[in-house]
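Reader: I have a model to go through with you. Can we take it piece by piece?

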Amino acid sequence: MLRFTLQRLLTGIPTLLVLVAGAFFLMRAAPGGPFDRERDLPPEIEANLRRAYHLDEPLLQQFLHYLGNLLRGDFGPSLQYRDFSVSELIRAGFPVSLHIGALAMLLALLIGVAAGTWAALRQNSAGDHVVMAAAMTGISIPNFVMAPLLVLLVAVGLGWLPAGGYGGGAWRHLVLPVTTLALPQVAYLARLSRASMIEVLASPFIRTARAQGLGLGTILLRHALRPALLPVVSYLGPATAAVITGSVVIEQIFGLPGIGRFFITGALNRDYTLVMGVVVFYGVLILLCNFLVDLVYGFLDPRTRQPG
Amino acid sequence: MPECRPQRRAFLSALLCGLLAGCGGRQEAGQPARVPVGGASGKERAAVQVLRKGNGAEPESLDPHRAESVTAANILRDLFEGLVLETEDGRLMPGAAASWEASADGLTYIFHMRPEGRWSNGDPVTAQDFVYGLRRSCDPATLNEYASILFPIRNAEAVVSGKLPPAALGVRALDDTLLEIRLAGPTPYFLGLLTHSTAYPVHRPSIGRYGAKFARPGMLVGNGAYRLEEWVVQSHIRLGRNTHYWDDAHTSIEEVWYYPIENGDAEVARYRAGELDFTQSVPLRQMRWLRENLPGELRIAPYLGSYYFGFNTTRPPFRDNPQLRLALSMAVDRDILTQRVMGTGEQPAYGFVPPVADYTGQRPAWAAWTQEQRNAEARRLYREAGYSEDNPLVVEVLYNTEQNQKRIAGALAAMWKQVLGVRAKLLNQEWKVFLENRKRKVITQVFRSGWIGDYNDPYTFSQLMHSKNGQNDPGYSSAEYDRLLDEAAATADPAHRRMLLEAAERRLLADQPLIPLFFYASKRLVKPWVGGYQPNIMDHHHTKDLHILSH
């Protein structure tokens, strides 16, 4: 198990390196720079700015410089938000993104798996069809349509909840963004766990259990749920990635101070260091999540632990 | 000042708008209709004096010498105060200086500091603070992107470019209360420049103590009516009243919140949900709905900005081809453009300089014609330039990716096709790509452009088309225009200067290196209980001049 763990961990390093290099050079290849504005900069000021941020050096040197700083955990100063360093911005934004993302994932798991299981037990009944139709709708409506729709209905129309802002993390401010972020995942997880549950329920060992006269509850909880959750668990990695990319849009629409918003404004402003910081940070996070999923998977299904 | 940043995420906005439009007529939440605003007298103030403003993008800095955006300037106006201040209706009044006098040649100004002026920590505001601030603002090490605003001050240009040390700047303190500023040349708009954030003082001891981090809550010491209480990046900035401020007795609002909300539709949604009292803008697509449903809260006023499409005059087909440029310009029906395509209070423009103080905007003779007459003349010029139905002009129109720009470019192309048979191809590019290409003048033919004046004077516009100006994207180069401008910059006689600048604009319009289209309008939603609000041409508002009526 230790070897498996180490092996998984080490394969992440080259992936990360490729990610950093890719993001770095792609960002620089984009036309326009951080100091291009409508107002013309005096050439001396522009030269000073380039020097101050090492942008006057050859690109490869800049890259090595960046890697060196990265190894020391230094993301550099933000080119756009001059009063802050990238680390400070990520430190300020991540708790917000995490708060919303974690709640959305939790909501998606609870509701998605429950709905999927419920539908699986009533396969091809009217209830099953309703749940699956709802899930299909949930998957097809993109969150940038769902979010304003909810705002209009619940915030502007009914006045029940705020239309935007974080409010220091008060629950009233979280309901709409978390719901919007969770909806497609609820839908996907419901479909996934339904299909998987149907398959498991049809397998010989469940039939045996039934034949032995075990109750439905026992069969479900003790025998069916664990194998049926396998695809759900392996989907958690991609789900995390989906929640992260979703949060970029959600944070923008609801005006939440998370790091997804930094990514968008950073890219538009050609804030090289900020975009790199978010990419590296999220890259590490997703690699870690995938790694954890692998571990959980190994726990749930001993076959994957076999060396080899 | 660069005009407003292009509105991002246009596709989101488009969707949002469609949804909002479909929801018209719904009863607004949080809009009590029972008590009249301001009580029986209409002037009663609310017990809670808190103002919540939408403020566009997150400010890039609250260091007055490093900030450059409109959104940062809005907040800095509350945190700091220049020698001169603006009233809510846009006139100049004494700020940190109680009075001033200018020498007869207009080259030396003496400012008498306000003796009761205080920093937010209680320290007195002295002439030395302004010397330090102006030197820091011009010091190349400060990396001030807006330093060129101060170029009228003697030696400022040399200091900014590093040829002279900051101490050589033409600014000195005669004592604690007397400040002398010497200018490089006569600058009638100089006092107006002093309201700009680049001319704000900074508190030297806190910069010494905190360095680059001085512009943060708990560290920032300002001399404005408010102090920085809280800054949560991308969420809000909260300011509280500065009790040391010299005019604190007249401050009514205790607390002001600035929310960065880039998406105009999201901003309006939050306004309608009762979370904002004041928006930064209004999306074009919601104008009709707002006009019908919130007419009293929609505040539209002329704004010091000129919107135009430029020709690349350094390359064919527009190089040395004023007939063709005029033909394309005349064929555009500005009334249709402002009323049907925009419809948000913009004024049709036939000249380049918008209405500013002490200046008569120039208009070509054809501005008085009917559109039919213009079209006929446009067709004549078009043929004269060698084009016809069989040999139409094929041209590329470049604009930045944004819904409004697309509509305008599309309208232009349609008018040209209808009147002249021109085959125009629309090309949009992301903002920074667009800026780079427009500046390089290689692939551009016709491109959108616009400019918001930095100060209330024609020169902030006229200078853009000087052949040496870095923002002369059309590449316009006229010896006569340059000479008129240089002369105007050197003359101390205001009447003569005005005459020269007006002659320059006439020259420009005869050459037509650009198509003037309209003069901007500022537009925002303001809740009826925000008292003291007056639209002004610079769209500058100080929170200290506003108050909240009971509601």
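Predicted model: local features only at pLDDT ≥ 70, side-chain atom pairs only at ≥ 80, totals over all residues.

Reader: Start with chain A. How many helices and strands does the secondary structure come to?

Author: Eleven helices and zero strands. Helices (H or I, at least four residues) and strands (E, at least two) are DSSP runs, numbered from the N terminus.

Reader: What does the C-alpha trace of chain A span along its principal axes?

Author: About 85 × 60 × 30 Å.

Reader: And what percentage of chain A is buried?

Author: Of its 308 residues, 37% are buried. Buried means that 20 or more other C-beta atoms lie within 10 Å of the residue's own; exposed means 12 or fewer, partly exposed is in between, and C-beta atoms are placed from the backbone.

Reader: What about contacts in chain A between residues at least 6 apart in sequence?

Author: Of those, 74% join residues at least 24 apart. Two residues are in contact if their C-beta atoms, placed from the backbone, lie within 7 Å.

Reader: Now cores. Which residues touch the most other members of the largest nonpolar core?

Author: A:Val151, A:Val278, B:Leu62, B:Leu79, B:Leu150 and B:Ala269, in a core of 143 residues. Helix α7 (residues 171–201) of chain A gives the most to this core, with 14 residues. A nonpolar core is a set of buried Ala, Val, Leu, Ile, Met, Phe, Trp, Tyr and Cys residues joined through C-beta atoms within 7 Å.

Reader: Which residues does A:Val278 touch?

Author: Not counting residues up to four places away in sequence, A:Val278 touches A:Ile90, A:Ile259, A:Phe262, A:Phe263 and A:Gly266.

Reader: Next, the contact of chains A and B. How many residues from each chain?

Author: Chain A gives 45 and chain B gives 50. On the side of chain A that touches chain B, α6(A) has the largest share, nine residues. That side divides into 25 nonpolar, ten polar and ten charged residues. Here Ala, Val, Leu, Ile, Met, Phe, Trp, Tyr, Cys and Pro count as nonpolar, Asp, Glu, Lys and Arg as charged, and the others, Gly among them, as polar.

Reader: Chain B, then. What does the domain assignment give?

Author: Domain 1 (7–21 + 304–522) and domain 2 (80–203). Such bounds come from an automatic or database domain assignment. In chain B, the C-alpha centres of domain 1 and domain 2 lie 34 Å apart. Eleven residues of domain 1 of chain B are in contact with ten of domain 2 of chain B.

Reader: Which helices of chain B supply the domain 1 side of that?

Author: α15 (479–490) and α16 (494–511) of chain B each supply at least two residues.

Reader: Switching to α13 of chain B. Which residues are buried?

Author: B:Trp431, B:Lys432, B:Phe434, B:Leu435 and B:Arg438. They cover an arc of only 160° around the axis, so they are on the same side of α13(B). The arc is that of the directions from the helix axis to the C-beta atoms.

Reader: What covers the buried residues of α13(B)?

Author: The cover includes α10 of chain A, plus β13 (394–400), β14 (423–429) and β15 (446–452) of chain B.

Reader: Where does B:Lys439 lie?

Author: In helix α13 (residues 431–440) of chain B. B:Lys439 is partly exposed, with 17 other C-beta atoms within 10 Å.

Reader: And what follows α13(B)?

Author: B:Lys441, with a positive phi near 60°.

Note on methods: Residues numbered from 1 in each chain as written. Chains lettered and ligands numbered in written order.
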